[in-house]
Amino acid sequence: GIRRGDVISEMNRAPVKNVADYQNLLASVQKGSSVLFLVKRGGSTIYIAVKVEWSIALFFFDLRFLFIE
């Protein structure tokens, strides 16, 4: 899963360059769907799939500690 300090580069294969990009992409995610993140973790770049099982507002709150590049 996503960890503290992960740097989000893409969400569902769309570039995430700033918080506004992230929020706009997140707004289109529906409960029960999956989100594919491309993240930089340490010296690696990896894809992580996350199934959304809660409201988007809570999802955004839980990811507030992530860095967006």
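User: Where is Asp6 found?
Analyst: Asp6 is found in the segment before E1; helices (H or I, at least four residues) and strands (E, at least two) are DSSP runs, numbered from the N terminus. This is a predicted model, so local features need pLDDT of at least 70, side-chain atom pairs count only at pLDDT 80 or more, and totals for chains, interfaces and linings use all residues. Residues are numbered from 1 along each chain as its sequence is written, and side-chain values use heavy atoms, with hydrogens and water left out.

User: Is Asp6 buried or exposed?
Analyst: Asp6 is buried, with a relative accessible area of 2%. Buried means under 20% relative accessible area, exposed over 50%, and partly exposed in between (1.4 Å probe, protein chains only).

User: What does the side chain of Asp6 reach?
Analyst: The backbone nitrogen of Arg3, at 2.8 Å. The Asp6 side chain also has a polar contact with the side chain of Arg41, at 2.7 Å. A polar contact is a pair of N or O atoms within 3.5 Å; within protein, one must be able to donate a hydrogen and the other to accept it, and residues adjacent in sequence count only if both atoms are side-chain atoms.

User: And how many salt bridges are there?
Analyst: The count comes to 1 salt bridge, taking that as a side-chain nitrogen of Lys or Arg within 4 Å of a carboxyl oxygen of Asp or Glu. Arg41 forms a salt bridge with Asp6, and the closest N and O atoms are 2.7 Å apart. This pair links distant parts of the chain, with Arg41 in strand E3 and Asp6 in the segment before E1, 35 residues apart.

User: Switching to strands: which ones pair with E1?
Analyst: E1 pairs with E3 (residues 34-41) in the antiparallel sense over 4 bridges, and with E2 (residues 14-15), also antiparallel, over 2 bridges. Two strands pair if DSSP finds at least two bridges between them. Met11 has Phe37 as its bridge partner in E3, while Glu10 has Pro15 in E2.

User: What about the hairpin of E1 and E2?
Analyst: That hairpin has 2 residues between the strands, and Asn12 takes a positive phi near 50 degrees.

User: How many residues of E1 are buried?
Analyst: Strand E1 (residues 7-11) is mostly covered, with 4 of its 5 residues buried.

User: Last one: which element has the lowest mean pLDDT?
Analyst: Helix H2 (residues 56-62), at 51, whereas E2 has the highest, at 96. pLDDT is the predictor's confidence in each residue, from 0 to 100. The chain has a mean pLDDT of 81, and 77% of its residues reach 70 or more.
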